[in-house]
Amino acid sequence: MNPAAPVDHRGVIRKVLMVCAGSFLFCFALIPIYSIYCEITGINGKTGNAGGTSAAAGVVDTTRTITVQFDTSVKAGLPWAFRAKQASIEVHPGQITEVLFEASNLSANDLVGQAVPSVAPNRASIYFNKTECFCFTEQTLAAGETRDMPVRFVVDPALPANVSVMTLSYTFYLNDIATGRLAQHAVVPNNLAL
Amino acid sequence: MAHHGDHADTHADHDDHDHKPSGFFDRWFCGTNHKDIGTLYLLFSLLMFFIGGSMALVIRAELFQPGLQLVEPDFFNQMTTMHALVMIFGAVMPAFVGLANWMIPMMIGAPDMALPRMNNWSFWIMPFAFTLLLSTLFMDGGGPAGGWTLYPPLSIQGGNNVAFVIFAVHMMGISSIMGAINIIATILNMRAPGLDLLKMPVFVWTWLITAFLLIAVMPVLAGSVTMLLTDKYFGTSFFNAAGGGDPVMFQHIFWFFGHPEVYIMILPAFGVASEIIPTFARKPLFGYQAMVYATASIAFLSFIVWAHHMFTVGMPLGGQIFFMYATMLIAIPTGVKVFNWVATMWRGSMTFETPMLFAIAFVVLFTIGGFSGLMLAIVPADFQYHDTYFVVAHFHYVLVTGAIFSIMAAVYYWLPKWTGRMYNETLGKVHFWLSTITVNMLFFPQHFLGLAGMPRRIPDYNVAFADFNMISSIGGFAFGLSQLLFAWLIIDTCFLKRGAKATSGVWEGAKGLEWTLPSPAPYHSFSTPPKIDDSVLAHGDVSH
């Protein structure tokens, strides 16, 4: 190119490309990092581990009463009705409680749904432990079927003192992959438009 | 290096300074000369500026009056989305890369960019990327309409334009990364002997830091849009809540790219202002090293403030406080820069040629944009301002009167060096005053609209907002038409060559290696490295 500056640029290029590759990988690494970060801090309402790991688990703190409210919604594309059988419930921290939700498939097709939970306020969400939940697995409802769906939970007694009301919210989504699988195995072909 | 000797021998007869490729195709399509590629980048950017500007005029025409008059809401949304993508990736970034291509080798006494063939490639990817992007407007379902930030799930609910947009973004990213690698290699390896890093012109410094930002964050953008692509077409659930993903995570990843991106678009503008102001104030730049360190601090801080774009998505109090204060911290190095520009002008023998007028307007109006940025950084206030026209006013002050004004200043400043002819100074001043008055008429009322609660990206609005929108639209059309004068001035200088012949120094107070070359700059410059004499360096005293 020129006689004056026959410089070897490969060293710089190699280093710079390593930075590029590193930041591309970092982008994908953010997904597990974000997920772990949310689990630790409770950002985004991700709830605590099933089973509860607090040292105080099993001890019921009857001096405190927490109001747990329930909220439900169904995402567009899933023709289900979904409600909590009770609007709210009062519990003591450490006390294992079971509540029921009710979901009905309003369509003429068998459908698979997936519920995603969220707890507000964020700072309380890691103290909300579900020991059993319909959100742990896919839920299949036959055409027209209505079913009760139980949730068993315990509020960790370590819950900050300034929290007295929590909201547990569920959103049901259509699991189109599992529903598609269901349709393939069905003896009678259905006309589900996905 | 074994090939050193051969290399020198083969090219020994290349001292002829005007040895250009003979054919048009060879020169402009296959050429690797940094000046030609710089020209291509700048012309491409000008074309995109007018395409993106036309889209803005569609937006302002629809918003001239309340109600839906001219375009369908969906097309309106396509215009807001495409206007942003075209202006950011097609106008501002390529313009700065073009300036870097033209000026960096001449400012550091290098014969060309370090990797000339890759330089050719990084430019020629751009027209293909933008053909891909703009072609979506003619597809079934139209172009992307979910905003340039491409937030899922909205952005992937469109038709197959999603795939085109994502591949276009990939190509722009590859182009930017290659450009950045080239700039880093050029600056680190090809400076004339004696030109230490801390003697480089500030424009070169700001570009070095910008190039590092580019290589650090463009791969993050590429990764995030790749995840959008697999979410839409390959059944992954990175951002799909139904599958255990999280749409808010996209916003975090996007803005981890997006915030450094806004500094990618403004740091070279700081460099341009730092070249022009000392020239026309006839004084060395005040606080050269402070300028360099301030630029580096801004670049570092840009990585830890991204979540201020998303205060309203739900974030713990601690996070909001951290991002609020980290954002406000950026005002300190930025304040240092503004102070230094003003101090450079203080008691200088100033003259007000067009580049200086644009540079001063840049300092004043960019600072206004910076102040509205501080207002947006305040978390409780941001809940009110978020997604309103206040945000639109803020980022147009920093991007139009910031980045674009500095690009125009740079073009007027260096055009005589590029073409060997002076531009028409009277028309240049007319262009400046028209632009400055109309751009304020265009964007200043948008502050009031935003504070009053007018949301952005909506084609209709409450009649209460009618007057300010009408003023803004009139300003918008006047600003757009004023830019035709800019295009005319460039045609007049470059092609009609009617101006006076430019001297090698061009401006009385200009200092720096580029001004030691004749005007127009010879096709091959600094084939032999220049002797560095501190007195010709742009900023004179570099000891502080």
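A salt bridge here is a side-chain nitrogen of Lys or Arg within 4 Å of a carboxyl oxygen of Asp or Glu.

**Entry 1: ground rules.** I'm working on a predicted model, where local features need pLDDT of at least 70, side-chain atom pairs count only at pLDDT 80 or more, and totals for chains, interfaces and linings use all residues. Residues are numbered from 1 along each chain as its sequence is written, chains are lettered from A and ligands numbered from 1 in the order in which they are written, and side-chain values use heavy atoms with hydrogens and water left out.

**Entry 2: salt bridges in chain A.** I started with the tally, and the rule gives 11 salt bridges over all chains. I then looked up A:Lys85, which pairs with A:Asp148, with 3.0 Å between the closest N and O atoms. This pair ties together distant parts of the chain: A:Lys85 sits in the loop between β2 (80-84) and β3 (88-91) of chain A, while A:Asp148 belongs to strand β8 (residues 146-155), 63 residues apart. Strands, for my notes, are DSSP runs of E with at least two residues, helices are runs of H or I with at least four, and both are numbered from the N terminus.

Next I checked accessibility, using a 1.4 Å probe and protein chains only: buried is under 20% relative accessible area, exposed is over 50%, and partly exposed is in between. A:Lys85 is partly exposed at 36%, and A:Asp148 is partly exposed at 35%.

A:Arg10 comes out exposed at 53%, whereas A:Asp8 is partly exposed at 33%.

**Entry 3: over to chain B.** Here I found B:Asp387 bridged to B:Arg456 at 3.6 Å, N to O. It's another link between distant parts of the chain, 69 residues apart: B:Asp387 is in the loop between α14 (379-385) and α15 (389-419), and B:Arg456 is in the loop between α16 (425-451) and α17 (466-496). B:Asp387 is partly exposed at 35%, but B:Arg456 counts as buried at 16%.

**Entry 4: helix α9 of chain B.** How far apart should the ends of its 15 residues be? The expected span is 1.5 Å times one less than the number of residues, so for residues 267-281 I get 21 Å, and the end C-alpha atoms are 21 Å apart, which agrees. I looked at burial too: 15 of the 15 residues of α9(B) are buried. Just after α9(B), B:Arg282 takes a positive phi of about 55 degrees.
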